[in-house]
Amino acid sequence: MATRQTQSLARLMRAPAIILLLIWMIVPLAMTLYYSFLNYNLLNPANTSWARFFNYQYFYTDPAFWASIWNTLVLVLGVLSITVIGGIGIAMLIDKPIFGQGIVRILVISPFFVMPPVAALIWKNMIMHPSYGVFADLAKFLGMQPVDWFAQYPLFSIILIVAWQWLPFATLILLTALQSLDGEQMEAAEMDGAPAVQRFIHLTLPHMARAITVVILIQTIFLLGVYAEILVTTNGGPGNASTNLTFLIYRAARLNFDIGGAAAGGIIAVVLANIVAIFLMRAVGKNLD
Amino acid sequence: MARAVSRNTRIGWTIAAWFVALLIFFPILYAIITSFKTEQEAIAGFDLIPSFTLDSYREVQSQYNYFRPFMNSVVIAVGSTVLALIVAIPAAWAMAFSPTKRTKDILMWMLSTKMMPAVAVLVPIYLIFLRTGMLDTRTGLVIVLMLMNLPIVVWMLYTYFREIPGEILEAARMDGATLGQEIVHVLAPMAVPGIASTLLLNIILAWNEAFWTIQLTTTNAAPLSAFIASFSSPQGLFWAKLSAASTLAIAPILIMGWFSQKQLVRGLTFGAVK
């Protein structure tokens, strides 16, 4: 069927998407690389000069950089552990024969559709506010001192909000995997008297392994880029306590107008993301054949 | 599952599941409730029963001209998605029906562009926008979001198109169908559900995008995500208004999202989990 004519038509059909993505990927990235070697500040563009590796050196020796790398790691790992463990638990709960399963599913999935600034502002003001939030009301009700979450535990507060946003995603993917679990096998194990914990470890977990991997990898890609949640709650502070790499680069570019420094940070972010991406591509690639 | 479960166990699981579900949904529910409170009620302590006033909704419109960011969101989300579909449908079609040795590599490469962190290209994109006067324009955002979601759109369409059996095309040809008839009667009906699902998921993704929208807009072209982010430094009483603005911003997408649960799994895992 693949005559020369259909093949050239196919090439023509593929071309726009490929060319657009090629431009989108190569041009800005090449520009970032170029800027990363320049002393270039938007406040003083006349003084632009060749910087060699100064921007990288500067970024590397800045204590804020290491703080941001650490915060990025804590944020990603914190959210991952909450969402994966919570997701497994909730997926198994929803998978049970319950009344109103459809509505339960809808309620659980909902936070995923809430845009990041809205999610973060609802949590900041109505849930975690030190004087008027629901947590504060609860603390007062229990006779405890309300906590000023964003001042005392800024990174933890952001982890909580982001985990709330991503818990539905993990739950939904894990539930999809769980529903393809062989019911008969499970029944047989149950009849043989295998306790619930054993069944979970030897049947359920191995079956979900692939889905768990996918959840971890995809979430990591998105979690490396958490931005709006930080912007509207702590603005990276106090100090650098809740500044991740994305936010640090944003600050360099947009608040300090340091084009060279922000570009160097961007290149570091690309390297970090690529390490994750390689693993994800392998996982997805296997499934393509 | 066809296992016999006693009624009591079932009720037990039901209570547990509903408890967890309501806990997760609570922040959204509480924002909706607060949107019907007065500003005084909103900070008066925990209360699930509002006075059902619509003042906050009225004020959000009169004070902040809510309709403008809302329309910006509609134009940007729908515009970028439709543009992406126009580019992606032929590409996905060609890759699904005339695959070459390199098709898999091309798809993987497209996916890899999705993994480039947005912040890494913030500097060049911002400077390009600054110099071409595209800052704070809807056109600029439509282009960026279209390019950002293009890989997902191609991928989703590809996985749907691949499920259309090629033999049907041949059968139609044998029966003497013209190319036009082939497209209208055979291909379109089978492709439309996949295209619709892709459209839905990508409108959701574009609607909720909150990095580029905040970086590249100020007032004129700001969609809801950027508009609501500007509420982070409030003056005076504003919780009920914030809630009203939030409710309006998430309601349409929440409803669309409920209808697209299955596509969500497929689209966001690139077919790795079905």
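This is a predicted model: local features need pLDDT of at least 70, side-chain atom pairs count only at pLDDT 80 or more; totals for chains, interfaces and linings use all residues.
User: How many helices and how many strands does chain B have?
Analyst: Welcome! Residues are numbered from 1 along each chain as its sequence is written, with chains lettered from A and ligands numbered from 1 in the order in which they are written. Helices (H or I, at least four residues) and strands (E, at least two) are DSSP runs, numbered from the N terminus. Along the sequence chain B reads α-α-α-α-α-α-α-α-α-α-α-α-α, which gives 13 helices and zero strands.

User: What is the radius of gyration of chain B?
Analyst: This radius is taken over C-alpha atoms, and the globule rule to hold it against is 2.2 Å times the number of residues to the power 0.38. For 274 residues the rule gives 19 Å, and chain B is well over that, so it is more spread out than a compact globule. Its C-alpha atoms fill a box of roughly 75 × 70 × 35 Å along the principal axes. The radius of gyration itself is 23 Å.

User: How far apart do the C-alpha centres of domain 1 and domain 2 of chain B lie?
Analyst: Domain bounds come from an automatic or database domain assignment. For chain B, that assignment gives domain 1 as 1-65 + 233-251 and domain 2 as 70-225. The C-alpha centres of these two domains are separated by 33 Å.

User: Is B:Phe52 buried or exposed?
Analyst: Look in the loop between α2 (39-42) and α3 (55-64) of chain B, where B:Phe52 has a positive phi near 55° although it is not glycine. The classes are buried, under 20% relative accessible area, exposed, over 50%, and partly exposed in between, using a 1.4 Å probe and protein chains only. Because its relative accessibility is 60%, B:Phe52 counts as exposed.

User: And B:Asp136, is that residue buried or exposed?
Analyst: B:Asp136 is in the loop between α6 (122-132) and α7 (138-161) of chain B. Its phi is near 60°, again a positive value in a residue other than glycine. Since its relative accessibility is 15%, B:Asp136 counts as buried.

User: Which residues does B:Leu199 touch, leaving aside those up to four places away in sequence?
Analyst: You will find B:Leu199 in helix α9 (residues 179-208) of chain B, and its relative accessible area of 29% makes it partly exposed. The C-alpha atom of B:Leu199 is 8.5 Å from that of B:Val78, which is 121 residues away along the chain. With contact meaning heavy atoms within 4.5 Å, the residues touched are B:Thr81, B:Val82 and B:Leu85.

User: What share of the residues of chain B count as buried?
Analyst: Some background on packing first: among contacts in chain B between residues at least 6 apart in sequence, 76% join residues at least 24 apart. Of the 274 residues of chain B, the share that count as buried is 55%.

User: Moving to chain A, what is its radius of gyration?
Analyst: Chain A has 13 helices and two strands. Its C-alpha trace spans about 75 × 75 × 30 Å along the principal axes. A compact globule of 289 residues would have a radius of gyration near 19 Å, but the value for chain A is 24 Å.

User: How many of the 11 residues of helix α12 in chain A are buried?
Analyst: Helix α12 of chain A covers residues 245-255 and is mostly covered. Its buried residues include A:Leu245, A:Phe247, A:Tyr250 and A:Arg251. Just after this helix, A:Phe257 takes a positive phi of about 55°. The number of buried residues in α12 is nine.

User: How far apart are the mean positions of the positive and negative charges of chain A?
Analyst: Lys and Arg count as positive and Asp and Glu as negative, with His and the chain ends not counted. Each charge is placed at NZ of Lys, CZ of Arg, CG of Asp or CD of Glu. For the 14 positive and 12 negative charges of chain A, the mean positions are apart by 15 Å.

Note on methods:
Side-chain values use heavy atoms; hydrogens and water are left out.
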